[in-house]
Amino acid sequence: MTNFCPVLWPEEPTPEHLINCSSCGLDKQGSRMVWGEGNPEAPIMVVLDNPGAREDREGNPFVCGTRQMLQQAVNHVSLDKDDLYITYILKRKPVRAYDKERTRQICMVHLKEQLQAKQPDFIVCLGNVAVQSFFQNPKLDVKTLRGVMHHVQGFRTVVGYHPLAVRRRPNLRPLFIEDWEFVAYQYFQKK
Ligand code: SF4
């Protein structure tokens, strides 16, 4: 994975009528909306908890640690960036305390609309927050659900570790690669 150079994947614009969405109140925290990234028509939809910044403090494009780790794993298992679309449970990054349960429930409406419109072949849910929100069960975790195909909200769904958790705990890296090998296996066997 050493020679690979991560780049910022193209951002899918937020739909016009939702640019000023204030349904959950996170708009008051000041972070900007990120609707999705990658190929909007991709067969694999990755769901994370919320977007990291795409720009540094001076407004220059910036590939955050989460994106770097994710892209390295994708590259390692020979998936192409056009195979993937990344989106979030929350389309804005919370920067202060907030009502987690309520906010996630509200924004989930947008994810459900994306799923209906895009109809991906399967979903990859990364990290406990995304898993608990998408599976609608606060007791679930990645550790017990990874490595198996699930069926959730009408979609085939795979579970894996959050790239940021892997950055913070390098001992998770082999498991994270395993997660992505499983994603690639599911993808290539269907092709
Ligand atoms: S996080 Fe979701 S519900 Fe909240 S303002 Fe953004 S799009 Fe709307």
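Trainee: In β5, which residue is the bridge partner of Met-45?

Mentor: Ile-123 is the bridge partner of Met-45. Keep in mind that this is a predicted model, where local features need pLDDT of at least 70, side-chain atom pairs count only at pLDDT 80 or more, and totals for chains, interfaces and linings use all residues. Residues are numbered from 1 along each chain as its sequence is written.

Trainee: How many bridges join strand β3 to β5?

Mentor: Two strands pair if DSSP finds at least two bridges between them, and strands themselves are DSSP runs (E, at least two residues; helices are H or I, at least four), numbered from the N terminus. Here β3 (residues 44-48) and β5 run parallel, joined by four bridges. β5 also runs parallel to β7 (residues 155-160), again with four bridges, and there Ile-123 stands opposite Thr-157.

Trainee: Is strand β5 enclosed or open, and why?

Mentor: A residue is buried if 20 or more other C-beta atoms, placed from the backbone, lie within 10 Å of its own, exposed if 12 or fewer, and partly exposed in between. In β5 (residues 122-126), four of the five residues are buried, so the strand is largely enclosed by the rest of the structure.

Trainee: What about Phe-134: buried or exposed?

Mentor: Phe-134, in helix α3 (residues 128-135), counts as buried because it has 23 C-beta neighbours inside 10 Å.

Trainee: And which residues is Phe-134 in contact with?

Mentor: Contact means C-beta atoms, placed from the backbone, within 7 Å. Leaving aside neighbours within four places in sequence, Phe-134 touches Val-47, Cys-125 and Val-152 in that sense.

Notes. Contact = placed C-beta atoms within 7 Å.
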